[in-house]
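Please load the model in your viewer and keep the selection panel at hand.

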Amino acid sequence: MRWGEIIRRLVLIPPTLFGVAVIVFVLLRIVPGDPIAMMIPPGASPADIDRLRAFYGLDQPLLQQFITWFGQALSGNFGRSISLHQRVFELVLARLPATLELALLATLIAVALGLAAALIGIQLRGRRAEWAVDGGIGVLLAIPDFLWALILLLLFGVLIPLLPISGRIDPEIDVSFHSNFYLIESLVTGRFDVAMALLHHMILPALALALPFAALVARILKTSLAEAEDQDYAQIARARGFSRPEILLREVLPNALIPAVALGGVQVTLLLGGTVLVERIFSYEGIGNMAIDAVINRDFPLIQGLILTFATLFIALNLAVDLLVTLLDPRLRHG
Amino acid sequence: MVSPGLSRRSVLQLAGAAALPLSTGMLGGPAQAAPAGTLTIAYNVNLPSFDPTVGLSAVNPTIQSIYQTIFDPYIAQAADLSFKPGLLTKWGWNADRTKITLELRKGATWHDGSPVTPEDVVWSLQRAADPKGGNPIQFVWSKVGNYKIDGNTITGDVIEFEPTLFKWMAFLTGYILPKAYFEKVGAEGFEKAPIGSGPYKVDAFERNAFLRLKAHPGYWGPKPAFDTVVFKFVTDPTSRVAELESGGSDVTFEIPYEEFDRLKAKPGLVGQTKPVSDIAMIFITDIAPMLDRNVRLAANHAIDKKAIVDRLLKGYGVPISTLEAPGYAAFDPSIKVSYDPELAKSLLAKSGFSPEKPVKFTIQTTRGFKPKDYEMIQAIVGMWRKVGIEATIEVYEIAQHFELRARHALAPAAFYNWGNAIGDPSTSTGFAMFGPSPHCAWKGKDLVERIGPLWGEKDEAKRIAGYKAVDKYIAEEGEVIPLFQYVQPIIHKKGLKIVPQANGMILPQLITQA
């Protein structure tokens, strides 16, 4: 990707987000479910209902509501959550780090497991044991993240209770943080006991998110490795006397990584989407868990803020992945 | 092929090394048990907001347990739905119902140590009555005003008589908040650092994860048995079951009945059930074909409620014939709607319908919102089919139900659950069946004329008798299908003593060590 392409992609971000904002705003008001209808008390008169509607600014024409909301959003004010009574921007900022840390840990686990499985699989290429690796990858891939969440919850929460199954940190621990990046902050400040406590809570949800992702990385990488290993440069290296592990790591892996990174990047966005259900199952306090409550309560301002946040993350991730692929692939760098 | 550098043995060794930290507990061992003096409750909903008087959470009955742990309602409620002194020790009307008198308890303090004053009470009532304040129950609180304080006694003028005013003082938005503190920190400051006068004060809050509370040393009531209470917000029922099985929590509730039966049989766990003030019902909308009395009555008589409770709910439910459940003020056991499929057939025959030529309509239901809701409606549709009713099931979300109900656009039949924690007939039959109410599906004049005069009825005995008569009329006309009263399953560790509340609340201040 050249500079021109990068600038073009950056320029497209604002209209993309505007489009997302319009679609979300309109869709929310078209689909059945009215936040005011949900809080109407028994005995409320039409005047009471109108009063509540006006209180939340939902009495204005749709276009006026959108102009007001979008105008405020441009200055960072995404409105107040109907159900949580706080500014949406502050709520999202407070919870996003929890999801980002979880997604980061899940990605690290997925890459490590996927890479290991692909390398083991390629080492066993052509042997019966390769079937076992392929079969294992197939099983991991066939089970969705939320099902993994339930399996892990029952396995390591109930059957062999090794790890906590709810929350981000033990309620009994008294600890204060300066930021909402609890794990990163505790690692940076050397509070490793706190970091371990956080990791205990993150391992199961992160694993649930990571396992299908790891399987995908393993499958793509293993295929790429097999293709790259059959290329002339690999054969020449072998003829020159390099051992197979050396050839795999030095010659084959860098080339095989490109398609894995490209597809893996897309998968990270899916992983972020997967946090919604997984966070719910493990009562993890990220934006995914918050999104479910927002939808149940038809909390329009919060849903809008959360979807814009997810959209921004997806766009940023896709751009980052494209840049990374460009860095890895000299053909793309030099046109 | 080149010999791989990785043998089967080395793979197994690697796997073993990776598993070692788990097996040896290097990662922290099992879920940490709560320290002594801590009660951990796996709670079924998140806490959206700390202000118990504004917004969605203020009218969510499920959250009230948490609110009543931190804040005091004006009037307290006993386990059987009766009312008892709380922060108010006396309350009542004058003889002609034109004034109210409230007496505030002496010696109560806020969590910051400052005293609870009559000014706090008046400010809370005035704030609740403010049309611009966002209190969803404002229509009740606005019926009294012009408060005067004399010592610890408060009097107010009745603007419009509301017979259930004092009952509301024990329920939704009926909480006393600290005037001086709230005005000092503002609404947002209060959300971040709330204080009340209840038995527990907020110690730590991680949204969607947990709320940690510490016993309030200045609490006016009995000292709670636990110094620390943790509400873990575990909204998924499977996760709540796992919380209890793993030892991560001491108490949980609202779990599938099958799981309840399994868990209560396990050593170390105790199961308790109690019918609560929440019923399952089917709204009937006054549109075709429900305008035909024979169809309505047939739909009622064709349902075997006992079979539904026994087979789908494992016996955890109490069949009902009116919207008043046992324990409610206007419950009348003499009103019975029998299960009589033959009667249903003959009623339908009078209108020209039969199993061969069925009457057709849509029934809406939630799926997974309440235990076995969809399965229950499937069973009812099967029972109806046998007598000559062909109903098509349409699944909706609960948010859709509220919107459709407010627009009077529900299908001819619509499943719902109706809570009534104060047990008053106005908050069940009244609001569910009175045409002008936004929650009513049957808008017929017959009920408007019968219920209307009861809203302002000053003679309590006459009011209750009036509602019983209305319930009898509704049963005879089949204008709603009451199904059963829910039973709340509570599972807790052995060694705890829990007194189940008929209003369904799980109050940590009432949980003790056995």
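A residue counts as buried if 20 or more other C-beta atoms, placed from the backbone, lie within 10 Å of its own, as exposed if 12 or fewer do, and as partly exposed in between. This is a predicted model, in which local features need pLDDT of at least 70 and side-chain atom pairs count only at pLDDT 80 or more, while totals for chains, interfaces and linings use all residues. Residues are numbered from 1 along each chain as its sequence is written, and chains are lettered from A in the order in which they are written.

Select chain B: of its 514 residues, 49% count as buried, and its C-alpha trace spans about 85 × 80 × 40 Å along the principal axes. Colour chain B by secondary structure to find 16 helices and 19 strands, which are DSSP runs (H or I, at least four residues; E, at least two) numbered from the N terminus.

Next, show chain A as well: 67 residues of chain B are in contact with 58 residues of chain A, where contact requires C-beta atoms, placed from the backbone, within 7 Å. On the side of chain B that touches chain A, the largest share, 6 residues, comes from H7(B).

Finally, select helix H7 (residues 145-159) of chain A together with H7(B), whose axes come within 9 Å and cross at roughly 15°; the axes are lines fitted to C-alpha atoms over the stretch in contact, with angles running from 0 to 180 degrees between N-to-C directions. Among the residues making this contact are Leu150(A) and Leu153(A) of H7(A), and Ala242(B) and Glu245(B) of H7(B).

Terms used: Two residues are in contact if their C-beta atoms, placed from the backbone, lie within 7 Å.
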